[in-house]
Each structure stands twice: as C-alpha cells, then as structure tokens.
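Biologist: Walk me through this model, feature by feature. Give me the general idea, then the case here.

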Amino acid sequence: MTVVPYKNDVATKKVQVAKMFDAISGKYDFLNHFLSLGIDIRWRKKAIRLLADSKPRFILDVATGTGDFAIEALKLKPEKIIGVDISEGMLEMGKKKIRDSHSDSIVELMTADSENLPFEENKFDAVIVAFGVRNFENLEIGLGEMLRVMKPGGRVVVLEFSKPMVFPMKQLYSFYFKYILPKIGQLFSHDSSAYTYLPESVQAFPDGNDFLSILSKLGYKNATCQSLTFGISSLYTATK
C-alpha cells in the first residue's frame, strides 16, 4: 500500500507530496530543526564529509527542498550544484536562502521530477539526497534515474529517516513520531497531514539492508549503510 499525505485525495502520491510541501514550505526549516533538536544539521554535515576525498565538481541534489543539503555541499568547493524538487513553494524558499548566502553563481535550483531527471547520462560526479527518497512515488525509478545521470565512479549519498530497533529508543521514537510530532506540526504549520504522513512514510520505507538490496539490484556498487543517532536516521553510500 502506498502511503500518501492526504488519504481522501485521489491524486497521485507525487501530486500530493508537492501539494503538502507547498503548504508547509514557509515553516519547513524551522520545524525541521526544532523537531529534530537540530540534529538534522549535524547529519547533513556528516553526509557531505563523505564526499570530501572525491572532490566532486558537479553535484546533483535530488529533492533539494529549501536547499539545506545543497548549501552544505558548498564546503566541497564544487564548480556547480544543481538542486531539483517538485515543490515550487520549497524551491522559492531555497532560492531566497541561496541569494542571501551569495552562492547563486554556484547553486542553481530548478523544478524537476526525480523520476524523470532532465539531464543526460553520466553528467554528475556525485548525487546527494536528504530525506527525499522516502517521498518518491516509485522508489526504484527515482534511484535508477540518479544512477543514470551519475558518472562512472561517481558516488551517491542518501540521508534518510529509519526505524530504531533497540529498547528504549524504539519505543520513545514511536511515541514521539505518532503522538507528539503531528501535534507540534499542526500547531505551527496548520497542516497536520504533513506530520502524520512523516511517521507513516518512515514506517513504510524499506530501510537498512532492504534499501541496500534495492541499490545493489539497480546496479549500484559498494553500497553501505551507517546508522545515525540510535537508528533515527541512516546514511547510505554507493558508487556507479
């Protein structure tokens, strides 16, 4: 069963996800950092450090949202970073942040579907995505597109929520995600569906070894998984 934000809406998951992020775009950054106690910032830094040795010149940030991951990737001193997303609202917030940081000569944000990327094969040295693959309508098609546009020898870095498996974090995490997070999200964003969808989508996502198996099946090489913060999120890497 496909998990969607608005259960009474007959639109596709892709359309619903875009609508949801458009609705919460103005509060997204605040809630993201507030609800994770700022840990998401450290996760992104750790993820980008994994690319330091390879010194990628051209980077694609899939499901870029408000551009946080793309901005963090500036530390790698690439020639170009392109961020793509289906939510116009999130992109507008991201473009403002990039202008304010005076990095618009390097970072370009554009509307594009992760499952139909408008780029030629073998274009990017690295492909990154933070908290986005969980929202793909078709996970394998999206991951396949990421592989297609990456150069041979290029590296993908995926940061995504996962499910803690060890007591008591498993129980605390479940309680927080199911009962606390939706109420806080509704209070600040006035869209409770977005923060009900979050735990449901995490629960349905094939994390850990299941995700590694999908990467290997699609042709990615050297796939690895690193658990972060007691399993609340996972950091995946692979090469082409």
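Modeller: Start with elements. Helices (H or I, at least four residues) and strands (E, at least two) are DSSP runs, numbered from the N terminus. The model is predicted, so local features need pLDDT of at least 70 and side-chain atom pairs need 80 or more, while totals for chains, interfaces and linings use all residues. Residues are numbered from 1 along each chain as its sequence is written, and side-chain values use heavy atoms, with hydrogens and water left out.

Biologist: Where does Ser-114 lie?

Modeller: Ser-114 is in the loop between strand E3 (107–111) and E4.

Biologist: Is Ser-114 buried or exposed?

Modeller: The cut-offs come first. Buried means under 20% relative accessible area, exposed means over 50%, and partly exposed is in between (1.4 Å probe, protein chains only). Ser-114 has 10% relative accessibility, so it counts as buried.

Biologist: What does Ser-114 touch?

Modeller: Contact means heavy atoms within 4.5 Å. Leaving out residues up to four places away in sequence, Ser-114 touches Val-62, Phe-136, Gly-142 and Glu-145.

Biologist: Now rings. How many aromatic pairs are there?

Modeller: Rings of Phe, Tyr and Trp (its six-membered ring) pair if their centres lie within 6.5 Å; planes under 30 degrees apart are stacked, over 60 edge-to-face, and the rest tilted. The count by this rule is 8 aromatic pairs. Take Trp-43 and Phe-131. Their ring centres are 6.1 Å apart and their planes are at 50°, so this pair is tilted.

Biologist: Why does the pair of Trp-43 and Phe-131 tie together separate parts?

Modeller: Because Trp-43 is in helix H2 (residues 39–49) and Phe-131 is in the loop between strand E4 (124–130) and helix H5 (139–149), the pair joins parts that are 88 residues apart in sequence. Trp-43 is buried, at 5% relative accessibility. Phe-131 is buried too, at 8%. Ring pairs also bring in Phe-161, which forms a cluster with Trp-43 and Phe-131.

Biologist: Which lysines lie over the face of a ring?

Modeller: A charge sits over a ring if NZ of Lys or CZ of Arg is within 6 Å of the ring centre and within 35 degrees of the ring normal. Lys-19 lies over the face of Tyr-6, 4.8 Å from the ring centre. Lys-123 lies over the face of Phe-124, at 5.7 Å.

Biologist: How do I read empty space?

Modeller: Rolling a probe the size of a water molecule over the atoms shows where empty space is left. On a 1 Å grid over the protein atoms alone, a cavity is a set of points where a 1.4 Å probe fits but cannot get out, and lining residues have an atom within 4 Å of a point. Grid points are joined across faces, edges and corners, and a volume is the space filled by probe spheres set on the points. The count is 1 cavity of 30 Å³ or more. The largest cavity holds about 360 Å³ of space.

Biologist: Which residues lie nearest the centre of the largest cavity?

Modeller: Ala-63, Thr-64, Asp-85, Gly-132 and Asn-135, out of 30 lining residues. Helix H1 (13–35), strand E1 (58–62), helix H3 (68–72), strand E2 (80–85) and E4 each supply at least two residues of the lining. H1 gives the largest share, 5 residues.

Biologist: Last, the backbone. Which peptide bond is cis?

Modeller: The bond from Phe-167 to Pro-168 is cis, with omega near 0°. Pro-168 is in the loop between E5 and helix H6 (169–189). Lys-55 is in the loop between H2 and E1, and it is exposed at 61% relative accessibility.

Notes:
1 Å grid on protein atoms, 1.4 Å probe; cavity = no way out; pocket = protein on both sides within 12 Å on 5 of 7 lines; lining within 4 Å.
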